[in-house]
Amino acid sequence: MKRFDQPILVTRPYLPDLESFKKGCEEIWANQWLTNNGPVHRRFHSALAARLGVPETNLALFSNGTLALEIGFQALGLAGGEVITTPFTFVATSHALRRIGALPVFADVDPETLCLSPAAAEKLITPRTKAIVPVHVYGNACDVEGFRRLGEKYGVKIVYDAAHAFGTDLHRHGDMSMFSLHPTKLFHSCEGGLLVFRDAALQQQLFDLRNFAIHSELECVDVGTNAKMNELQALMGLECLKKIDDLLDWRRRVHAAYAEAFADCPSVTCLDKSLNCAYCPVLLKDFETRERVYEGLKACNVFARRYFYPLLTDFAPYVYARGTCPVAEDAARRVLTLPTYYGLAPETVREIARCVKEIAE
């Protein structure tokens, strides 16, 4: 079994052309404007609106995705209510709810996409439910029509955690979507978060809340925080945005190479529902096999990740819901995400797949 000379991590951030980035830094130095809605930030805002095909009035940038979620939930008035969401996600989804005073209520996932199931969510709707927060896990599309019907039927907000879903059209659904611009994602701004929302009237409130809700030296209108994206983050985002189509294309080729390599391997199931190939998750036949593959790959100098394990309901803040989501619990015990990033060579993908098959079978 091959051991790679250099460690292969589950992801590596794309870094843009250094000379082009330096030119952007020279502009920032000349402006002496580092944060607070500077000119580079404004250009990034406009470029994202153009890329996503939405009005500039319907998006807002933040210093990171978690704060974008928190502020979005706050602006939508979810504090004090119950919010139905998935346990099969990163902790930020539920942490953001808890931090604004909402109670996460966990529903099970669809076994094909591992995204929140509308049918499971509907069973948990009560008069206390203010919203449903599905997650486009791995860039897999939730049943957006199913959630649209639930929103209309019960009068609840539908807010998508679309952290993994940049490069898709999934922002066109629901009341709000949050994209993470963290360097582990296929598109990033060093750190960052992006909200896209249906109601343009929300934008001013979101702008207020990301800047302490201070309107002037003499006026503070709400309890906000400091969640502003700075100029260097915006510059990184602009530079990476130039390459987004190449980044998406490379991920698709990596994804296809894994799918081909595992096509004849019944003990490894590729989850091939992603719209942007943001991750390369596979399901192993059982927990013991997954753990053996996970540890065996380390011996090959390959560092996969068990996204998402443990399940959120196994963590102390959410243990009140342990045992309520059997499909998600089973997936968390069998899933393994394999390396994928811009520059990962197809022959390396095939070697990784060979290692997985040799360990799993």
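## Helix 9 and its surroundings

In this predicted model, the buried residues of helix 9 pack against helix 2, helix 8, strand 11, strand 12, strand 14 and helix 12. Packing here is a matter of contact, meaning heavy atoms within 4.5 Å. Helices (H or I, at least four residues) and strands (E, at least two) are DSSP runs, numbered from the N terminus.

Which residues of helix 9 are buried? They are I244, L247, L248, R251, V254, H255, A257, Y258 and A261. Buried is under 20% relative accessible area, exposed is over 50%, and partly exposed lies in between (1.4 Å probe, protein chains only). The length checks out too: at 1.5 Å a residue, the 18 residues of helix 9 (244-261) should span 26 Å, and its end C-alpha atoms are 26 Å apart, which agrees. That expected span is 1.5 Å times one less than the number of residues.

## How to read the numbers

Residues are numbered from 1 along each chain as its sequence is written, and side-chain values use heavy atoms, with hydrogens and water left out. Since this is a predicted model, local features need pLDDT of at least 70 and side-chain atom pairs count only at pLDDT 80 or more, while totals for chains, interfaces and linings use all residues.

## Helix 2 against helix 8

Two of the partners of helix 9 also pack on each other: helix 2 (residues 39-52) and helix 8 (residues 231-241) sit at an angle of about 35°, with axes 8 Å apart. Axes are lines fitted to C-alpha atoms, for helices over the stretch in contact, and angles run from 0 to 180 degrees between N-to-C directions.

On the helix 2 side, P39, V40, H41, R43, F44, A47, L48 and R51 meet E231, A234, L235, G237, L238 and L241 of helix 8. This contact divides into 9 nonpolar, 2 polar and 3 charged residues. Nonpolar covers Ala, Val, Leu, Ile, Met, Phe, Trp, Tyr, Cys and Pro; Asp, Glu, Lys and Arg are charged, and the others, Gly among them, are polar.

## Helix 10 and its partner, helix 12

Helix 10 (residues 287-299) has F287, T289, R290, E291, V293, Y294, G296 and L297 as its buried residues. They pack against strand 12 (280-284), strand 13 (302-303), helix 11 (326-334), strand 14 (335-338) and helix 12 (346-360). Just past the end of helix 10, N301 takes a positive phi of about 70°.

The axes of helix 10 and helix 12 come within 9 Å and cross at roughly 135°. Helix 10 passes helix 12 in a right-handed crossing. From helix 10, T289, R292, V293, G296 and L297 meet I352, C355, V356, I359 and A360 of helix 12. By class, that contact has 7 nonpolar, 2 polar and 1 charged residues.

## Y279, a buried loop residue

Where does Y279 sit? Y279 is in the loop between strand 11 (268-270) and strand 12. At 11% relative accessibility, Y279 counts as buried. Leaving aside neighbours within four places in sequence, Y279 is in contact with Y138, H164, T184, K185, H255, Y307 and T340. One of these, H255, is among the buried residues of helix 9.

Methods: A crossing is left-handed if the near helix is turned anticlockwise from the far one by less than a right angle, and right-handed if clockwise.
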